[in-house]
Amino acid sequence: LISLNSTTLFSGSDDTTVRCWDTESRICKHQLRGHKGAVLAVVLSHNDALWSASEDATLKVWDSKSFKCIQTLNEHRGTITALANVGDFVLSGSVDRSICMWDSRSFQCIHSLNTHTGYINCIGYVCAAVKYTFWSSSNDRTIRRWTFEVSGGSIDREAVLRLGIEQPGADDEPRGRGRGDSHWKALLKDTEKKNTEIVQKLTRENADLKQQQSFW
């Protein structure tokens, strides 16, 4: 599920469709057809373009206003299981064990990450304070953190040359390699603070959902 605004909701389904819902009338306004397999993920990107990921190993990009398919992307070699919008990029994860980074304006795959040894379960976008940071999980029993930054104002076909892709290295492990206990205590404290904020946010969202229960 992904929400365009307070009254419009998009969902993907095993029946191969993407559906657009009016949350006030609870009526399906449009059915977007084109995939040949179940739709497992949807996400909105630049200019409210709607991306859908499917078991048919394709990504489709839809105009969220006209509901027409404007691009079909075929970079992956297996079922696409995860999508995330990260700034001007869309990330897709697949059972082919890769994560593709797409320019959401040109719809070009500008980088492919192939470190996981199992299929990708989930991709989560965290922040872009200094660098874009996202996390990926896989059935290889690992969770990986990735960071990248983009220099320059425009995004074009050469964007891949300006991306610094990083993954956790040996010095990210708390083994005392040039980092004292104070560093790790501070990191732990910061992590605990962030987790507390997440719990508080989820608690508020849960309370809102309970208030809306009669609506559904």
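**View 1. Strand S6 (residues 49-54) and strand S7 pair up in the antiparallel sense, over five bridges.** Strands here are DSSP runs of E with at least two residues, numbered from the N terminus, and two strands count as paired if DSSP finds at least two bridges between them. What you're looking at is a predicted model, so local features need a pLDDT of at least 70 and side-chain atom pairs count only at pLDDT 80 or more, while totals for chains, interfaces and linings use all residues. Residues are numbered from 1 along each chain as its sequence is written, and side-chain values use heavy atoms, with hydrogens and water left out. Find Trp51 and look across to S7: Val61 stands opposite. S6 and S7 make a hairpin with four residues between them, and in that turn Ala57 has a positive phi of about 70 degrees.

**View 2. Strand S7 (residues 59-63) is mostly covered.** How many of its five residues are buried? Four of them are, where buried means under 20% relative accessible area, exposed over 50% and partly exposed in between (1.4 Å probe, protein chains only). S7 also runs antiparallel to strand S8 (residues 69-73), joined by four bridges. Lys60 faces Thr72 of S8 across this pairing. Here's another hairpin: five residues sit between S7 and S8, and Phe67 in the turn has a positive phi of about 65 degrees.

**View 3. Ser104 sits in the loop between strand S11 (99-103) and strand S12 (109-113).** Is Ser104 buried or exposed? Its relative accessibility is 2%, so Ser104 counts as buried. A polar atom of the Ser104 side chain lies 2.8 Å from the backbone oxygen of Asp88. That's a polar contact: a pair of N or O atoms within 3.5 Å where, within protein, one must be able to donate a hydrogen and the other to accept it, and residues adjacent in sequence count only if both atoms are side-chain atoms. Leaving aside residues up to four places away in sequence, Ser104 touches Ser45, His46, Trp51, Asp88, Phe89 and Val90, with contact meaning heavy atoms within 4.5 Å.

**View 4. Four strands line up as an open, antiparallel sheet in the order S9-S10-S11-S12.** Strand S9 (80-86) and S12 are the edge strands, each pairing on one side only. From one strand to the next, the twist averages 20 degrees, using axes that are lines fitted to C-alpha atoms (for helices over the stretch in contact) and angles that run from 0 to 180 degrees between N-to-C directions. S9 pairs with strand S10 (residues 89-94) in the antiparallel sense over six bridges.

**View 5. The largest nonpolar core has 15 residues.** A nonpolar core is a set of buried Ala, Val, Leu, Ile, Met, Phe, Trp, Tyr and Cys residues joined through side-chain atoms within 4.5 Å. Leu91, Ile99, Met101, Ile123, Phe134 and Phe148 have the most contacts inside this core. S9 gives the largest share of the core, three residues. Apart from it lies another core, of 14 residues, including Ala53, Ile80, Leu83 and Trp102.

**View 6. A search of the whole structure turns up zero disulfides.** A disulfide is a pair of cysteine sulfur atoms within 2.5 Å. Cys20 is buried, at 0% relative accessibility, and Cys100 is buried at 1%.
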